[in-house]
Amino acid sequence: MANAQHFDALIIGAGQAGPSLARAFAASARRVALVERSHVGGTCINEGCTPTKTMVASARVAYLARRSADYGVRTGPVSVDLARVRDRKRAIVESFRTGGQRRLESTQGVELIFGEARFVGPRQMAVEPTINGGTPRELSADLVFLNTGGRPARPKLEGLDRVAALDSTSIMELAEVPEHLLVMGGGYIGLEFAQMFRRFGSRVTVVQRGAQLLPLEDEDVATAVTKILEEDGVEVIVRADARCVAPRGGGIRLGIRTPEGDRTIDGSHLLLAAGRSPNTDRLDCAAGGVELGAQGFVKANPRLETTAPGVYALGDVKGGPQFTHISYDDFRIIRTNLIEGGTASIEGRLVPYTVFMDPQLGRIGLTEKEARKQGRNIQVATIPMTYVARALEMDESRGLMKAVVDRESGAVLGAAVLGIEGGELMSVLQLAMMGGVKARSLRDAVFAHPLLAESLNTLFSALDG
């Protein structure tokens, strides 16, 4: 590539890690090219966190409006204008996206290139323009960073090519509320959409292959999640293997196999929410010496180095926990090591996350089953949210709180908070874990009454019984 334009750093993908990394390298007087195929912000801003949580907020308003009599407030019939919900979502996404793009374009030392990149040699890439015309380019760099993210997986299912199935992106573009939404997948994405559309007014059926929803969670937590969804009117079918799908009138018929036998379910819409695939299929990683692992994810070590010298992987494209905040922390690791001269890695980092159903499920650290599998000597504290004064006052007392504690040291090893603002309460426990605050200290701490944080007194008092 004798005609290649050379940069100090070449970043592929403008998701959560890419733009921050580009600005950090530019601030250290390095010349950076950032290549993005479609839009700045990646999955989070454009198809993930920002749009879904915007729509979750609309769904919660509909839910509270229908429950207004429980609070002594009289309202009339409640209906949802899904086109208006969609337009509100689009406006917020556009605001976030354009703001991020403007910041990049105004950063001295950063060139933002809209195009499709692929390796043509070690740390060498060809870029085909994707937006506003342009000409193909050849780029090389001392350092290359892959931040290309992922996309909804499309399962191998007989008849799928004959129906108009939705994914987590296309479902947010609907203008009308589905009559009966079939959700394939009982993970975080599937459950958020299941409850959301139930609250919009759809009949909803969730089909989960495994024995429980949210298979990585403890059984008691998953059971409580299922109870909440069923109380909201969502039908949940577990141990159900999807076998085939076919058009049925103006809708869709899904065939499943269960321990009780085969059955069919008729719906108006089908949402595929059974995993995500990495965006590596067009990178031609082999040409760059970058090895791929299971399901096409980039192989990377704890310092985010790939098998190709000078090439790094950040965010969802490398597999592991696929959360926006993990992608951003990957950026911090690269910044620490390559700009600040440190020795950071992903080993031992806490991975918090929140499932934005309502009430939320916040999770941090070890589950009970993980701790027992490791042979830890533990205590487990569990209380229902009906023990939490603030939850009762707000008439949102569904769910539970659970903490796993090392029996000898009193250190908090992990926690799940399924309850109102569960993610915020989980973050309090995360800070305690980061600071080495023991369970006894949380039991005896003075929290302002009647905040939700006060429930930590009650939770850790359960260890005394």
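The model is a predicted one, so keep the ground rules in mind: local features need pLDDT of at least 70, side-chain atom pairs count only at pLDDT 80 or more, and totals for chains, interfaces and linings use all residues. Residues are numbered from 1 along each chain as its sequence is written, and side-chain values use heavy atoms, with hydrogens and water left out.

**Aromatic pairs**

- Two rings of Phe, Tyr or Trp (its six-membered ring) pair up if their centres lie within 6.5 Å; planes under 30 degrees apart are stacked, over 60 edge-to-face, and the rest tilted. By that rule there are eight aromatic pairs here.
- One of them is tyrosine 188 with phenylalanine 323, a tilted pair with 6.5 Å from centre to centre and 45° between the planes.
- Tyrosine 188 sits in helix H5 (residues 188-200), while phenylalanine 323 is in the loop between strand E15 (311-313) and helix H7 (324-339), so this pair ties together parts that are 135 residues apart in sequence. Helices (H or I, at least four residues) and strands (E, at least two) are DSSP runs, numbered from the N terminus.
- Tyrosine 188 is partly exposed, at 23% relative accessible area. The scale runs like this: buried is under 20%, exposed is over 50%, and partly exposed is in between, using a 1.4 Å probe and protein chains only.
- Phenylalanine 193 and phenylalanine 197 make another tilted pair, at 6.5 Å centre to centre and 35° between the planes. Both lie in helix H5, four residues apart, or about one turn of the helix, and both are buried.
- Ring pairs also link Phe25, Phe145 and Tyr312 into a cluster.

**Charges over rings**

- A charge counts as sitting over a ring if NZ of Lys or CZ of Arg is within 6 Å of the ring centre and within 35 degrees of the ring normal.
- Arginine 31 lies over the face of phenylalanine 7, at 4.4 Å from the ring centre.
- Arginine 199 does likewise over tyrosine 63, at 3.6 Å from the ring centre.

**Threonine 258**

- You'll find threonine 258 in strand E11 (residues 251-258), and it's buried, with a relative accessible area of 11%.
- A polar atom of the threonine 258 side chain lies 2.8 Å from the backbone oxygen of glycine 261.
- Leaving aside neighbours within four places in sequence, threonine 258 is in contact (heavy atoms within 4.5 Å) with Arg239, Ala240 and Arg263.

**Aspartate 87**

- Aspartate 87 belongs to helix H4 (residues 82-105) and is partly exposed, at 35% relative accessible area.
- The C-alpha atoms of aspartate 87 and alanine 175 are separated by 9.2 Å, with the two residues 88 apart along the chain.

Definitions and conventions
A polar contact is a pair of N or O atoms within 3.5 Å; within protein, one must be able to donate a hydrogen and the other to accept it, and residues adjacent in sequence count only if both atoms are side-chain atoms.
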